[in-house]
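Subject: Structure for your review

Dear colleague,

Please find below the structure that I am handing over to you.

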Amino acid sequence: PVLDTEDAWVSVEGPVSIVELALEQKRIHYPLVEHQFVLCTVLYAIMRLSLKGVKPLSLFDSKGKNAFFKDLTSIQLLPSGDMDSNVLSIRQQFLLKVVSAAVQTLCSSQKDREVSEEDYFPFEKGKNWPTLAADLAQYLQISEDLVRRHYVCELYSYGMDHLGEE
């Protein structure tokens, strides 16, 4: 980009401006940032929903694991469209656990009428974990419909038929 400056600023001496520093930075590799975002979302879901027995790195193949420890400006080999069926199975189980835990938390808060959902998740007003799991399914190459069907089945099994119908 072209940065026009006034003549008075050209003769000024001192540290480099923040704009010039920003322009000198290397560009990041966006798919690698997206890959890191998926890991952060997985870790947050595990922590927030208290999921036991989930190994976050098992959700990624060897290329995916290696990409986590590289500089964000480097071009890395990321997982391709062909995934190992074992990894896909682990991913599917994880997403279904997220949905089940979210519905269980929602139902337990509904039973305790005094406690609202915001009290359980105070910093996540409006956070819909099943929708987040369905969005995450796109990144993890799992069918969104499978996650949504599991969500509906969980709602019905906890007696929340009115939400399941929606």
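The notes below set out what was found in this structure.

This is a predicted model, in which local features need pLDDT of at least 70 and side-chain atom pairs count only at pLDDT 80 or more, while totals for chains, interfaces and linings use all residues. Residues are numbered from 1 along each chain as its sequence is written, and side-chain values use heavy atoms, with hydrogens and water left out.

I begin with helix α3. Helices here are DSSP runs (H or I, at least four residues), numbered from the N terminus. Helix α3 covers residues 30-48, and its end C-alpha atoms lie 26 Å apart. This agrees with the 27 Å that its 19 residues should span at 1.5 Å a residue, because the expected span is 1.5 Å times one less than the number of residues. Buried residues of α3 include Leu-32, His-35, Val-38, Leu-39, Val-42, Ala-45 and Ile-46; buried means under 20% relative accessible area, exposed over 50%, and partly exposed in between (1.4 Å probe, protein chains only). Just after α3, Ser-50 takes a positive phi of about 55 degrees.

Next comes the largest nonpolar core, which has 30 residues. Such a core is a set of buried Ala, Val, Leu, Ile, Met, Phe, Trp, Tyr and Cys residues joined through side-chain atoms within 4.5 Å. Leu-51, Phe-94, Leu-95 and Val-98 touch the most other members. The elements giving two or more residues to this core are α3, α5 (85-111), α7 (129-139) and α8 (144-157), and α5 supplies the largest share, 9 residues. Leaving aside neighbours within four places in sequence, Phe-94 is in contact (heavy atoms within 4.5 Å) with residues including Val-42, Ala-45, Ile-46 and Leu-136.

His-150 belongs to helix α8 and is buried, at 19% relative accessible area. Apart from neighbours within four places in sequence, His-150 is in contact with Leu-96, Val-99 and Ser-100.

As regards cysteines, the structure holds 0 disulfides, a disulfide being a pair of cysteine sulfur atoms within 2.5 Å. Cys-40 is partly exposed, with a relative accessible area of 49%, and Cys-153 counts as exposed at 51%.

Finally, Glu-165 is found in helix α9 (residues 161-165) and counts as exposed, at 61% relative accessibility. The C-alpha atoms of Glu-165 and Val-152, 13 residues apart along the chain, are separated by 7.8 Å.

Yours sincerely
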